[in-house]
Amino acid sequence: MTEYDQLTALAEQLARSDVKLTGLLGVATPDASDTIECRTRPEDGDRLWFFASDGTPISEADDAHSDDAAILVLGHLARRAEETKEAVQ
């Protein structure tokens with residue numbers, strides 16, 4: 001599958017939750033947002049991975065990891081929301 005195919009599959013998984021999708025790459029909850037990218041990861045044999053906007057690897061991007069990827073993206077957004085909350089306090 002291509003990067004686009006993997007992003008589409010991730011978007012379909014996330015659409016089942018309370019995540020707002022902005023375009024294909026943008027994800028948002030009421031408290032956090034980010035842009036998710038799909039590209040090869042040289043450290044993992046150039047397999048496709050999902051990355052956060054800051055370059056943090058989130059999950060391998062393949063059919064076997066599609067459910068895991070969605071859960072890990074939600075966890076990533078929750079951590080961003082918590083970091084933002086702590087920075088405000």
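**Strands, helices and one buried aspartate**

Strands β4 and β5 are joined by five bridges in an antiparallel pairing; two strands count as paired if DSSP finds at least two bridges between them. Helices (H or I, at least four residues) and strands (E, at least two) are DSSP runs numbered from the N terminus. This is a predicted model, in which local features need pLDDT of at least 70 and side-chain atom pairs count only at pLDDT 80 or more, while totals for chains, interfaces and linings use all residues. Residues are numbered from 1 along each chain as its sequence is written, and side-chain values use heavy atoms, with hydrogens and water left out.

D44 is buried, at a relative accessible area of 18%; buried means under 20% relative accessible area, exposed over 50%, and partly exposed in between (1.4 Å probe, protein chains only). Apart from neighbours within four places in sequence, D44 contacts W49 and E60, where contact means heavy atoms within 4.5 Å.

β1, β2 and β3 form an open antiparallel sheet in the order β1-β2-β3. β1 and β3 are the edge strands, each with a single partner strand, so one side of each has no neighbour in the sheet. From one strand to the next, the twist averages 20°. Three bridges link β2 and β3 in the antiparallel sense, and V27 has D34 of β3 as its bridge partner.

α2 lies across β2 and β3 and runs at about 130° to β3. Axes are lines fitted to C-alpha atoms, for helices over the stretch in contact, and angles run from 0 to 180 degrees between N-to-C directions. The 23 residues of α2 (residues 66-88) should span 33 Å at 1.5 Å a residue, and the end C-alpha atoms are 33 Å apart, which agrees. The expected span is 1.5 Å times one less than the number of residues in the helix. The buried residues of α2 include A69, V73, H76 and L77, and the buried set packs against α1 (3-14), β2 (26-28), β3 (33-35), β5 and β6 (57-60). An α-helix has 3.6 residues a turn, so residues three or four places apart point the same way.

α1 has twelve residues and reaches 16 Å between its first and last C-alpha, close to the 16 Å expected. Among its buried residues are L7, L10, A11 and L14. The buried residues of α1 pack against β1 (20-22), β2, β4, β5 and α2.
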